[in-house]
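This briefing is written for a reader who wants the cut-offs stated beside the values. The sequence and structure come first.

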Amino acid sequence: MKAIGILTSGGDAPGMNAAIRAVVRTAIYYGYKVYGIERGYAGLLEKDFREMDLSSVGDIIQKGGTVLKSSRCDEFRTEEGRAKAVEILEEFGVGSLVVIGGDGSFTGANKLSQLGVHTIGIPGTIDNDLAYTDYTIGFDTATNTVIDAIGKLRDTSSSHDRVNIIEVMGRRCGDLALFAGIAGGAESIIVPEMDTKTEDIVKKLKTTQKRGKKHSIIVLAEGAENIEGGALGLRSALTIEDKADVRITVLGHVQRGGSPSAFDRILASRLGNKAVELLIEGKSGRVVGIKDNKVIDMDIDEALSMKKTFDDDLYEMAKILSI
């Protein structure tokens, strides 16, 4: 095996640096040279490589974001762009590549694998939207960030008898809203996977007010299109139907930042270590993940073809506990 390259692609996620550290240190432990590729596939095509040593990854395990930076790259989506990428990797003597990111990043890694580059994918996305693994790097930290925001907003919500709608990330997957909503004690959780109606939220709010509770927290995933007009539409309905004082908080990119949790640091370390071991074994076109607290690996095509299953039981439990 030649030198190992590593890049981060797509949206950043807390714990990516811990994964980078694990890849670099494991590779060096086994005697391999490592190149960090800046700004994902864009940096690959621009030859933005730097050799990494033990010092390169010192003091980064606790940092959010990614020290290798990330970006999106339209050129890499073309056959010509990918062919150019292979030539550049060969120029630097890089025969193996670790890609940290989500499904789009994995698709790119798979394309390179088909062109002869040994690739392993590590799941780094706060959405937890990859079906083959129980958890993705960054999800736990992002969930805790949302929980912290819910706690602060509940303080001001209760002080003013307000309803707070908190919009969180999750275009196709409602895991972040579900987990944070349960842990934060939200009165209503709205996710893309469940057909929640605006009138259901209005009815529930009236019920809670009748028993004397004047403030409420509603967690809304940004991809929940079943609510007409999204957060704005819901606020309008609650204001008109229930005369409620409703405020909207869009957490946005604050969910991506922050020092990774212990869970994410350990998960990233385990997956980064496994990725290098697979490359040493000559494996390619695979992704690593975690199932039942055991590190697994799987073919990229198979992993990407799996449909994410929403935890209906957990959602029903949330409804029961929020009566």
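The model is a predicted one, in which local features need pLDDT of at least 70 and side-chain atom pairs count only at pLDDT 80 or more, whereas totals for chains, interfaces and linings use all residues. Residues are numbered from 1 along each chain as its sequence is written, and side-chain values use heavy atoms, with hydrogens and water left out.

**Domains and their interface**

- The domain assignment, whose bounds come from an automatic or database source, divides the chain into domain 1 (3–137 + 260–305) and domain 2 (140–256).
- Taken over C-alpha atoms, the centres of domain 1 and domain 2 are 34 Å apart.
- With contact meaning heavy atoms within 4.5 Å, 14 residues of domain 1 touch 12 residues of domain 2.
- About 1,100 Å² is buried between domain 1 and domain 2, and 49% of it is on carbon and sulfur atoms; buried area here is the accessible area (1.4 Å probe) that two parts lose on being put together, summed over both.
- Between domain 1 and domain 2 the count is 2 salt bridges, a salt bridge being a side-chain nitrogen of Lys or Arg within 4 Å of a carboxyl oxygen of Asp or Glu.
- Arg172 and Asp129 form a salt bridge through their side chains, at 3.3 Å from N to O.
- Across the interface of domain 1 and domain 2 there are 7 residue pairs in polar contact, both residues being at pLDDT 80 or more; a polar contact is a pair of N or O atoms within 3.5 Å, where within protein one must be able to donate a hydrogen and the other to accept it, and residues adjacent in sequence count only if both atoms are side-chain atoms.

**Aromatic pairs**

- Rings of Phe, Tyr and Trp (its six-membered ring) are paired if their centres lie within 6.5 Å, and planes under 30 degrees apart count as stacked, over 60 as edge-to-face and the rest as tilted; by this rule the count is 9 aromatic pairs.
- Tyr29 and Tyr30 make an edge-to-face pair, with 5.0 Å from centre to centre and 90° between the planes.
- Relative accessible area under 20% is called buried, over 50% exposed and in between partly exposed (1.4 Å probe, protein chains only); Tyr29 is exposed at 68%, and Tyr30 is partly exposed at 43%.
- The pair of Phe49 and Phe92 is stacked, because the ring centres are 4.0 Å apart and the planes lie at 10°.
- Phe49 belongs to strand β3 (residues 49–52) and Phe92 to the loop between α3 (79–91) and β4 (94–101), so the pair ties together parts that are 43 residues apart in sequence; helices (H or I, at least four residues) and strands (E, at least two) are DSSP runs numbered from the N terminus.
- Phe49 is buried, at a relative accessible area of 13%, while Phe92 is partly exposed, at 24%.
- One aromatic cluster is formed by Tyr135, Phe139, Phe179 and Phe263.

**Buried residues and their contacts**

- Thr26, in helix α1 (residues 16–29), is buried with a relative accessible area of 9%, and it touches Asn273 and Val276 when residues up to four places away in sequence are not counted.
- His215 sits in the loop between α7 (198–210) and β8 (216–221) and is buried at 16% relative accessible area; not counting residues up to four places away in sequence, the contacts of His215 include Arg154, Asp161 and Arg162.
- Ala221, placed in strand β8, is buried at 1% relative accessibility, and its contacts, leaving aside neighbours within four places in sequence, include Val168, Gly170 and Ile190.

**Exposed residues**

- Leu321 is in helix α11 (residues 312–321) and is exposed at 62% relative accessibility; its C-alpha atom is separated by 8.6 Å from that of Glu187, a residue 134 residues apart from Leu321 along the chain.
- Asp59, in the loop between β3 and α3, is exposed with a relative accessible area of 62%, and its phi is near 60°, a positive value in a residue other than glycine.
- Asp292, in the loop between β10 (286–291) and β11 (294–299), is exposed at 67% and has a positive phi, near 50°.
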